[in-house]
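My entries follow the order in which I looked.

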Amino acid sequence: MIRAVLCLSLLGSPVLAQDATTWLRQGIGMQTDLHVSDMWHPRGGAIYATDALILWQAEGEPIRVPDAPARVIGLLETEQGRTAIFALIWSNAPVACGEDLRTIGVDTGTAAFLTPSDARALDAYADPSLGPYHGTYAEQLDAAIPTIPFIAQLPGGARFPATGSGWGDGGYPVASLYDADGNMVALYAQFIGGSDDWLLPPPCARASG
């Protein structure tokens with residue numbers, strides 16, 4: 001179950017009137033092009049944000065998210081078309097608050113959102129002597145990077161969103177956005193900073209009781 005939150009009152013702040021996509025586009029502080037990839041359902045309501053090839057951070061406690069289809073979007077910086085923000089959008093409700101969840105570590109210039117089942121499927125697909133830098137999956141990444149987020153598919157049927165990580169390797173923030181009723185409306189990773197470096201949401205007050 002997704003944790004309930006009480007959103008801070010931010011009277012006068014424009015974020016209260018913005019859906020998640022608009023909030024991200026205006027808040028990043030740089031010119032971007034919007035790319036809408038596809039719908040993806042994180043079945044089970046849990047995901048890892050991790051390197052798409054070497055599966056850093058694909059163990060331990062996953063991030064809790066809505067068990068419902070989400071739009072996969074990318075905000076692409078306009079000069080070279082690299083992904084600045086990689087997001088899952090569940091709702092068009094106005095953004096009221098959010099939470100800085102964790103850091104996604106990237107070592108191969110790629111990133112992905114995977115359910116635990118997806119992570120197991122990708123781990124089983126990899127040849128231990130070669131890693132996942134070969135075959136169908138690697139060819140899909142090579143075809144799409146460094147431009148747009150897309151839905152990767154393994155021969156066994158697993159599918160999950162992946163993208164190039166902006167300018168390359170490093171540690172990048174992963175944050176969630178909530179509406180005024182405490183429903184998660186979006187989750188995103190930011191790879192390229194805007195005018196104020198990382199875009200982080202106004203915090204949510206925890207619900208009492």
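I started with His35 and looked up its bridge partner in E5: Gly74. The model is predicted. I then took the whole pair. Strand E2 (residues 32-40) and E5 run antiparallel, with 8 bridges between them.

Next I checked the other partner, strand E6 (residues 83-89). E5 and E6 are antiparallel and joined by 6 bridges. Arg71 has Ile89 as its bridge partner in E6. I also looked at the hairpin of E5 and E6. It has 5 residues between the strands, and Gly81 there takes a positive phi near 75°.

Is E5 buried or exposed? I counted 7 of the 8 residues of strand E5 (residues 70-77) as buried, so the strand is largely enclosed by the rest of the structure.

I read its 5 strands in the order E4-E3-E8-E10-E9, with antiparallel pairing. E4 (63-64) and E9 (150-153) are the edge strands; each has a single partner, so one side of each lacks a neighbour in the sheet. I noted that helix H2 (residues 116-125) packs on this sheet and touches E3 (46-50), E8 and E10. Its direction makes about 125° with that of E8. Between E8 (residues 110-114) and E10 (residues 159-164) I found 3 bridges. One of the partners there is Thr163 in E10, for Ala111.

Last entry: cores. The largest nonpolar core holds 41 residues, and Ile104, Phe113, Tyr137 and Phe160 have the most contacts inside it. E8 gives the most to this core, 4 residues. Another core lies apart, with 19 residues, including Ile73 and Val95.

Conventions. Residues numbered from 1 in each chain as written. Predicted model: local features only at pLDDT ≥ 70, side-chain atom pairs only at ≥ 80, totals over all residues. Heavy atoms only, no water. Pairing = 2+ DSSP bridges. Helix = DSSP H or I, 4+ residues; strand = E, 2+ residues; numbered from the N terminus. Contact = heavy atoms within 4.5 Å. Axes fitted to C-alpha atoms, helices over the stretch in contact; angles between N-to-C directions. Core = buried A, V, L, I, M, F, W, Y, C linked by side-chain atoms within 4.5 Å. Buried < 20%, exposed > 50% of the residue type's maximum accessible area, 1.4 Å probe, protein only.
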